Amino acid sequence: MASPAAKGRSRARWTAAAVVLLMLSPGVAWLLVRAGLLPSGAVLICGFILGGPVGLFLLPELDKETRLVSCSMSTVTARTLTGERTVDLRHISRVRLRTGFSYGRAFHTPVVRDRDGVRLALTSERSRRSLARAVQRIPVGAEGAPVVSAAARAALDIGPRGPLTAHTAGSLLLLIITITLYVVAVLRLAGV
């Protein structure tokens, strides 16, 4: 029988795969238009009403903490859109920073992954403090030490702020390029 962590990872992977397939729906619609099974406007509908907006807004939300269930020095348990997840802070494998933009502001969310592969994007102040303490407890250069990005350290207030600025600028540029390429691809598939 699969462990709760394994079931959670499986559910999260299937949900993420469904969102990615939805984002790729303009390509599928294009194939169906070429076969004469759909009208030509279906590519635009799939690209700009279904796939693009859903993928852009939903994919980063799948592993984000929506409600903190429990938080201690060793674990953080939180509800996400794909179910409850518990990340083991004693066995962190990676911490990175996800940056989103809304209403002219940048939002920084530390994403922690433990050695079991459980990933959780921390949004509450309490869970972030627990993660910061866990990262600070790990000796520098220790064997098997987790990979913690400089931007994540800065967002957790345990490192210099410079990398956070560079990360934010890079994230904004990447977002603009990605959206532009997606729009161009959908328009080319639609023959516009």
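**Contacts, sheet and cores of the predicted chain**

Leaving aside neighbours within four places in sequence, H108 is in contact with L97, R98, T99, R128, A155, L164 and T168. These contacts come from a predicted model. H108 lies in strand β5, which spans residues 105–114. Its relative accessibility is 19%, and the cut-off for a buried residue is under 20%, so H108 counts as buried. One of its contacts is polar: the side chains of H108 and T99 are joined at 3.1 Å. R98 is another partner of H108. The two residues are 10 apart in sequence, yet their C-alpha atoms are 5.8 Å apart in space.

Confidence in the model was examined next. The chain averages a pLDDT of 87. A score of at least 70 is reached by 96% of the residues. Among the elements of the chain, helix α5 (residues 150–155) has the highest mean pLDDT, at 95. The lowest mean, 76, belongs to helix α1 (residues 4–23).

The chain contains an open sheet of 3 strands. Their order is β1-β2-β3, and the pairing is antiparallel. The edge strands are β1 (67–71) and β3 (83–88), each of which pairs on one side only. Neighbouring strands of this sheet are turned by 20° against each other on average, direction ignored. In general, strands of a sheet pair through backbone hydrogen bonds.

The pairing can be followed strand by strand. β1 and β2 (residues 75–80) run antiparallel and are joined by 4 bridges. Within this pair, R67 stands opposite R79 of β2. A hairpin through 3 residues links β1 to β2. β2 and β3 are also antiparallel, with 6 bridges between them. Here T77 stands opposite T86 of β3. The hairpin from β2 to β3 passes through 2 residues.

A helix also meets strands β1 and β2. Helix α4 (residues 125–137) packs on the sheet and touches both of these strands. Its direction makes about 40° with that of β1. S124 is found in the loop between β6 (119–121) and α4. At 19% relative accessibility, below the 20% cut-off, S124 counts as buried. The side chains of S124 and S127 form a polar contact of 2.8 Å. Beyond its neighbours within four places in sequence, S124 is in contact with E65 and L68.

Nonpolar residues were then grouped into cores. In soluble globular proteins, nonpolar side chains tend to be buried together. The largest nonpolar core of this model has 23 residues. Of these, I92, V95, V112 and L131 touch the most other members. Elements giving two or more residues to this core are β2, β4 (92–102), α4 and α5. L131 has contacts with L89, I92, V95, P110, V112, L122 and L156, leaving aside its neighbours within four places in sequence. Another core lies apart from the largest one.

Terms used: Residues are numbered from 1 along each chain as its sequence is written. This is a predicted model: local features need pLDDT of at least 70, side-chain atom pairs count only at pLDDT 80 or more; totals for chains, interfaces and linings use all residues. Side-chain values use heavy atoms; hydrogens and water are left out. pLDDT is the predictor's confidence in each residue, from 0 to 100. Two strands pair if DSSP finds at least two bridges between them. Axes are lines fitted to C-alpha atoms, for helices over the stretch in contact, and angles run from 0 to 180 degrees between N-to-C directions. Contact means heavy atoms within 4.5 Å. Buried means under 20% relative accessible area, exposed over 50%, partly exposed in between (1.4 Å probe, protein chains only). A polar contact is a pair of N or O atoms within 3.5 Å; within protein, one must be able to donate a hydrogen and the other to accept it, and residues adjacent in sequence count only if both atoms are side-chain atoms. A nonpolar core is a set of buried Ala, Val, Leu, Ile, Met, Phe, Trp, Tyr and Cys residues joined through side-chain atoms within 4.5 Å.
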